[in-house]
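Open the model in your viewer, keep the sequence panel beside it, and follow the selections below in order. Each stop names what to select and then says what is there.

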Amino acid sequence: MDPEALARKVAELADSKKATEIVALDMRGLVSYTDFLVICTGRNERQAAAIADEVGLRLKREQGLLPQVEGGPAGGWTVLDYLDCVLHVFTPEARGRYRLELLWADAPRLELGVAGEALEHRVARA
């Protein structure tokens, strides 16, 4: 699966678990460790865990992909690293604290077309 398709799939799976404020940042040309960051929010620790679990299980079953996992919902932030795409699942408090979109404000955003997409960050593909 190419990196952009993977980022879109990750966003779609997060959306299927009702993630909100979903943003996909195109990091190509900005960093060397990944091509895309997908950032989303769960309403609370339980929902954040369900989002991370769904993405992890479905990509393992459908694509044979196993992520490196860091953090966890109790800390407000879970990272699933698929190399070409890294998913950050936040609780609202942690998302507000770390503000990754501001850190990477220069990164182009993918238009995802999912229900939970952060509309204020929608930018057409270049």
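Begin with the largest nonpolar core, where a nonpolar core is a set of buried Ala, Val, Leu, Ile, Met, Phe, Trp, Tyr and Cys residues joined through side-chain atoms within 4.5 Å; buried means under 20% relative accessible area, exposed over 50%, and partly exposed in between, with a 1.4 Å probe and protein chains only. Select Val10, Ile22, Val38, Cys40, Val55 and Leu87, which touch the most other members among the 25 residues of this core. At least two residues each come from α1 (3-16), β1 (20-26), β2 (36-41), α2 (45-63) and β5 (85-90), these helices (H or I, at least four residues) and strands (E, at least two) being DSSP runs numbered from the N terminus. The greatest contribution is that of α1, with six residues. The model is a predicted one, in which local features need pLDDT of at least 70 and side-chain atom pairs count only at pLDDT 80 or more, whereas totals for chains, interfaces and linings use all residues. Residues are numbered from 1 along each chain as its sequence is written, and side-chain values use heavy atoms, with hydrogens and water left out.

Now select the two cysteines, Cys40 and Cys85. Which cysteine sulfur is nearest to that of Cys40? A disulfide is a pair of cysteine sulfur atoms within 2.5 Å, and by this rule the count is zero; Cys40 is in no disulfide, and its nearest cysteine sulfur, that of Cys85, is 11 Å away. The sulfur of Cys85 is therefore too far for a bond, at 11 Å from the closest cysteine sulfur, in Cys40. Cys40 is buried at 0% relative accessibility, and Cys85 is buried with a relative accessible area of 0%.

Move to helix α1, whose 14 residues reach 20 Å from the first C-alpha to the last, close to the 20 Å expected at 1.5 Å a residue; the expected span of a helix is 1.5 Å times one less than its number of residues. At the N-terminal end, Asp2 caps α1 through a side-chain oxygen 3.0 Å from the backbone nitrogen of Glu4. Colour the buried residues of α1, among them Leu6, Val10 and Leu13, and see that the buried residues pack against β1, β2, α2 and β5. Just after α1, Lys18 takes a positive phi of about 65°; Lys18 is in the loop between α1 and β1 and is exposed, with a relative accessible area of 58%.

For helix α2, the end C-alpha atoms are 27 Å apart, which agrees with the 27 Å that its 19 residues should span at 1.5 Å a residue. At its start, a side-chain oxygen of Asn44 reaches to within 3.1 Å of the backbone nitrogen of Arg46. The buried residues of α2 include Ile51, Val55 and Leu59, and what covers the buried residues includes α1, β2, β4 (77-81) and β5. Within α2, select Ala48, which is buried with a relative accessible area of 1%. Neighbours within four places aside, Ala48 is in contact with Gly42, Pro73, Val89, Phe90 and Thr91.

Finish with the charged pairs, using the rule that a salt bridge is a side-chain nitrogen of Lys or Arg within 4 Å of a carboxyl oxygen of Asp or Glu; the count by this rule is seven. Glu62 and Lys9 meet in a salt bridge at 3.2 Å, N to O, and this pair links distant parts of the chain, Glu62 in helix α2 and Lys9 in helix α1, 53 residues apart. Glu62 is partly exposed at 35% relative accessibility, whereas Lys9 is buried at 16%. Select Glu101 and Arg95 as well, which form a salt bridge with their closest N and O atoms 2.1 Å apart, and both of which are buried. Lastly, show Lys9, Glu12, Glu54, Arg58 and Glu62 together: salt bridges that share partners join these residues into one network.

Definitions and conventions. Contact means heavy atoms within 4.5 Å. A polar contact is a pair of N or O atoms within 3.5 Å; within protein, one must be able to donate a hydrogen and the other to accept it, and residues adjacent in sequence count only if both atoms are side-chain atoms.
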